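Visitor: I would like to learn how to read a protein model. Please take me through it step by step.

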Amino acid sequence: MPHSQATQLGLFIASDTNEEKRVEVYHSDSVPTVAAEVDNETPLESLNLNWRERELPEKERTKHVHRLHPYLGKFIPQLVEIFLRKYFTAGQTVVDPFAGSGTTLVQANELGINSIGFDISEFNTVLCRAKTASYDIPKLRSEVLDVLHSTESSRVRPASWLPFFGSDESNEEQLKHSKYLKEWFAPDALADLLSYRAFIKHYPDQDLLKVILSRAARSARLTKHFDLDFPKKPQTEPYQCFKHSRVCKPTQDAMQFLRRYSLDSLKRIEQFSNLRTNARVDIFHADSREIDVPEIDGVITSPPYVGLIDYHQQHAYAYHLLGLEDRRGLEIGAAAQGSSVNAKKKYQEDIAAVFRRLAGKVKSGGRIIVVAGDRANLYPEIAEMANLEMEDVVTRHVNRRTGRRANEFFESVFIWRKP
């Protein structure tokens, strides 16, 4: 592409002696890329990924099952769709070793691309299965509404907490879970949640019911309405609410959220069912440094950032309510491990180990596409450690965030090639 044309597109393209090609986005007056218009022939340098809020509103970034449950640190489906369309075709198989909330898996299925997802967080795998399962919609609607009706009809009192944790848990585990739940939920809210939990085991589509319960629990915690992402301690007294611009009281009831999210989840599942294909989706609760996969066509993923988010902790309510296995000690780059020089080195080693393992199963010429906010410039070395060729890097300006976390930042889309 001539330099003048690149300038008109707001792109700057440069090559170095190592033949690494970087597409840097400094500004752009061109129309942002529409994902559905991208195909294998679309030039990489023609992509404008700098969507603003008016061009890609939140309702589009969180369409259908992508908003089935809040999740920190996920990438947007339009970005995934563009690179699936650019580098993959229907019938091929893509892997996401850090499946998270399942964005890659959902978008791959829409395009008829088979997918395999791995995650160390058991809650993430429950969420991914709930999003990508094939449902009998009338039957599912009957299940969801029946559980909701049963919960409304038989409100479990607080004195009945422990029996609802199941007979397969020891007294010690019961007491540990009960302590957390009694600290973070008002008695009536906890009674609603435990009642709903008790009915889940009687229905086949348990993953979706667990997600509805977890989403309601997140909203029903004793926390400030504007602090659902990172609450430090239970909020038991009235407080000045930045979200509602008035004094608010901590939530005392979970039933309102169970109703709201039951109906919303049904709507979202039905929307996705109209787009869902028969492409295969396999999801595993596993450490991606130790996984084994068949031959695949490539990888699209957004790994955890170093020292930023504890992925188990953000869904602590789900782990305690559902008795999920906590493997936070195996998280790569967890916030609890910090971002020191040693932490970054360990992070690079762990991420490279994942991609080395997958690279052995990627077909020759296949792409490994990694979306990351690489402020510390860790990923060029990770590519070398994984024996992958750095083919391109696209840097995009993320300037359309809303709410209290509305800061702008840049993130990179690394495109590596299997030699």
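Predicted model: local features only at pLDDT ≥ 70, side-chain atom pairs only at ≥ 80, totals over all residues.

Guide: Begin with the overall inventory before any detail.

Visitor: How many helices and strands are there in the protein?

Guide: The protein has 13 helices and 11 strands. Its chain holds 419 residues, and 54% of them count as buried. The accessible surface comes to about 19100 Å², with 47% of that area belonging to carbon and sulfur atoms.

Visitor: What share of the contacts between residues at least 6 apart in sequence join residues at least 24 apart?

Guide: That share is 73%.

Visitor: Next, the strands. Which strands pair with strand 4?

Guide: To read pairing, look at the bridges and at the direction of the two strands. Strand 3 (residues 93-96) is joined to strand 4 by four bridges, and the two run parallel.

Visitor: What do strand 3, helix 4 and strand 4 make together?

Guide: They make a right-handed β-α-β unit, in which helix 4 covers residues 103-110.

Visitor: Why is strand 4 described as largely enclosed?

Guide: Count its buried residues. In strand 4 (residues 114-119), five of the six residues are buried, so the strand is largely enclosed by the rest of the structure. For strand 8 (residues 296-301) the count is six of the six, so that strand is largely enclosed as well.

Visitor: Which strands does strand 8 run parallel to?

Guide: Two bridges join strand 8 to strand 3, and five join it to strand 9 (residues 362-372).

Visitor: How do I check the length of a helix, say helix 10?

Guide: Compare the expected span with the distance between the end C-alpha atoms. Helix 10 (residues 255-273) has 19 residues and should span 27 Å at 1.5 Å a residue; its end C-alpha atoms are 27 Å apart, so the two values agree.

Visitor: Which residues of helix 10 are buried, and what do they pack against?

Guide: First the general idea. An α-helix has 3.6 residues a turn, so residues three or four places apart point the same way. In helix 10 the buried residues include Leu258, Tyr261, Ser265, Ile269 and Phe272. The buried residues of this helix pack against helix 4, helix 5 (122-132), helix 6 (137-153), helix 8 (187-200) and helix 9.

Visitor: Now single residues. Is Glu411 buried or exposed?

Guide: Look at the relative accessible area; under 20% means buried. Glu411 has 7%, so it is buried. Its place is in strand 11 (residues 409-417). The side chain of Glu411 makes a polar contact with the side chain of Arg396, at 2.7 Å. Glu411 also touches residues elsewhere in the chain, among them Leu79, Tyr305 and Val371.

Visitor: Where is Phe226 found, and is it buried or exposed?

Guide: Phe226 lies in the loop between helix 9 (206-220) and strand 5 (239-241). Its relative accessible area is 18%, so Phe226 is buried. The C-alpha atoms of Phe226 and Lys243 are separated by 5.5 Å, while the two residues are 17 residues apart along the chain.

Conventions
Residues numbered from 1 in each chain as written. Heavy atoms only, no water. Buried < 20%, exposed > 50% of the residue type's maximum accessible area, 1.4 Å probe, protein only. Contact = heavy atoms within 4.5 Å. Areas by Shrake-Rupley, 256 points an atom, 1.4 Å probe, with all protein chains shown as cover. Polar contact = N/O pair within 3.5 Å; in protein donor to acceptor, adjacent residues only side chain to side chain. Pairing = 2+ DSSP bridges. Right-handed = clockwise from strand over helix to strand, strands pointing away. Expected span 1.5 Å × (residues − 1).
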